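Hi,

Here is the structure I promised to pass on. Have a look at it first, and then read my notes below with the viewer open.

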Amino acid sequence: AFSPERAMAVYVNDKIVSMLYWFNCECWGKPMAYIYAVGTDIAYRGRGICRKLMECTHQKLLRDGYSGAILVPSEKSLFEFYGKMGYKTATYVDKFTCKPSDVDVEITPIKAEEYEMLRREYLPYGGAVQERENTQFLAREMQLYKGDDFIFAAIKAGGKVYCSELLGNKEKAGSIVGALGADVGYFRTHDGDTPFAMYISLDKVTKPPMYFGLAFD
């Protein structure tokens, strides 16, 4: 998924000390950037380097026609960190755990292209469209599936299923766990109250997405 056109870095004596990367997405018909993998060398933290990197990135994105930027803090403390840079919590998800259900459900593995097409059908109103390098990267990390009234991306490790996105009928979660032969499933889906993605409007006009689902964490 790496592309030098979608990356920014700070160098000190030819050494990268801070960097970030972004994936292209869109919402409300406008291009947005999902900023991902922001990191600063421990020895260089606390000097404002990351803040400056983010400011420069925002300027570049705006010049390149992006209307806004989205990110998903990896820790609760980072919500405050990015909040000081102008980001505001914009979307929420439902995170839950469930055991396998006795109700059978048929699931079929699919490729990234079909997942993209179906995802547009299941995406909640105001949801961010994440395609191309997003779904290609997702397909390398997880298996993509479809059912009769849902789609999901998941990985099975031992007796556990980790689902990074379930769209459609989330009441089928237990059946999905059973179909995959797992003992427990950990799901992330829409319509919840857990803070998830933060947003900053670069053009000062475009409103935030109402749902953002594919976070590569």
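Let's start with Asp-14, which sits in the loop between strand S1 (7-12) and S2. Keep in mind as you read that this is a predicted model. Asp-14 has a positive phi of about 65 degrees, although it is not a glycine. That is worth a second look because most residues other than glycine have a negative phi. Is Asp-14 buried or exposed? Asp-14 is exposed, with a relative accessible area of 77%.

There is another residue of this kind to look up. Lys-204, in the segment after S12, also isn't a glycine and has a positive phi of about 65 degrees. Lys-204 is exposed too, at a relative accessible area of 70%.

**The whole protein**

Now zoom out. The secondary structure comes to five helices and 12 strands. The C-alpha trace spans about 60 × 35 × 30 Å along its principal axes. How does the radius of gyration fit what a compact globule would have? For 217 residues, such a globule would be near 17 Å, and the protein has 18 Å, so the two agree. Of the 217 residues, 48% count as buried. If you take the contacts with a separation of 6 or more, 67% of them are between residues 24 or more positions apart.

**The open sheet**

Next, find the sheet. Six strands form an open sheet in the order S1-S2-S3-S4-S12-S5, with mixed pairing. The edge strands are S1 and S5 (88-89), each of which pairs on one side only.

You can walk across part of this sheet strand by strand. S2 and S3 run antiparallel and are joined by nine bridges; Asn-24 stands opposite Ala-33 in S3. Strand S3 (residues 30-40) and S4 run parallel, with four bridges between them. Here Ala-33 turns up again, opposite Ala-69 in S4. To get from S3 to S4, the chain passes through helix H1 (residues 49-63), and this β-α-β crossover is right-handed. On the other pairing of S4, four bridges join it to strand S12 (residues 198-201), and these two run antiparallel. The bridge partner of Ala-69 in S12 is Ile-200.

Which faces of S4 are covered? Both faces of S4 (residues 68-71) are: Gly-68 and Ile-70 are buried on one side, and Ala-69 and Leu-71 are buried on the other. The two sides follow from a simple rule, because in a regular strand the side chains alternate between the two faces of the sheet.

**Ser-201, in strand S12**

Ser-201 lies in S12. Ser-201 has 18% relative accessibility, and it counts as buried because the cut-off is under 20%. Its side chain makes a polar contact with the side chain of Asp-203, at 3.1 Å. A polar atom of the Ser-201 side chain also lies 3.2 Å from the backbone oxygen of Thr-206. Leaving out residues up to four places away in sequence, Ser-201 touches Ser-67, Gly-68 and Thr-206.

**The cores**

Which residues have the most contacts inside the largest nonpolar core? They are Tyr-34, Leu-138 and Phe-212, in a core of 31 residues. Strand S2 (15-27), S3, helix H3 (112-122), helix H4 (133-141) and strand S9 (150-157) each supply at least two residues of this core. S2 gives the most, with four residues.

A second, separate core has 19 residues, including Trp-22, Cys-50, Tyr-66 and Tyr-87.

Back to the largest core for a closer look at Leu-138.

Notes: Residues are numbered from 1 along each chain as its sequence is written. This is a predicted model: local features need pLDDT of at least 70, side-chain atom pairs count only at pLDDT 80 or more; totals for chains, interfaces and linings use all residues. Side-chain values use heavy atoms; hydrogens and water are left out. Buried means under 20% relative accessible area, exposed over 50%, partly exposed in between (1.4 Å probe, protein chains only). Two strands pair if DSSP finds at least two bridges between them. A crossover is right-handed if, with the strands pointing away from the viewer, the path from the first strand over the helix to the second runs clockwise. A nonpolar core is a set of buried Ala, Val, Leu, Ile, Met, Phe, Trp, Tyr and Cys residues joined through side-chain atoms within 4.5 Å. A polar contact is a pair of N or O atoms within 3.5 Å; within protein, one must be able to donate a hydrogen and the other to accept it, and residues adjacent in sequence count only if both atoms are side-chain atoms. Contact means heavy atoms within 4.5 Å. The radius of gyration is taken over C-alpha atoms; the globule rule is 2.2 Å times the number of residues to the power 0.38.
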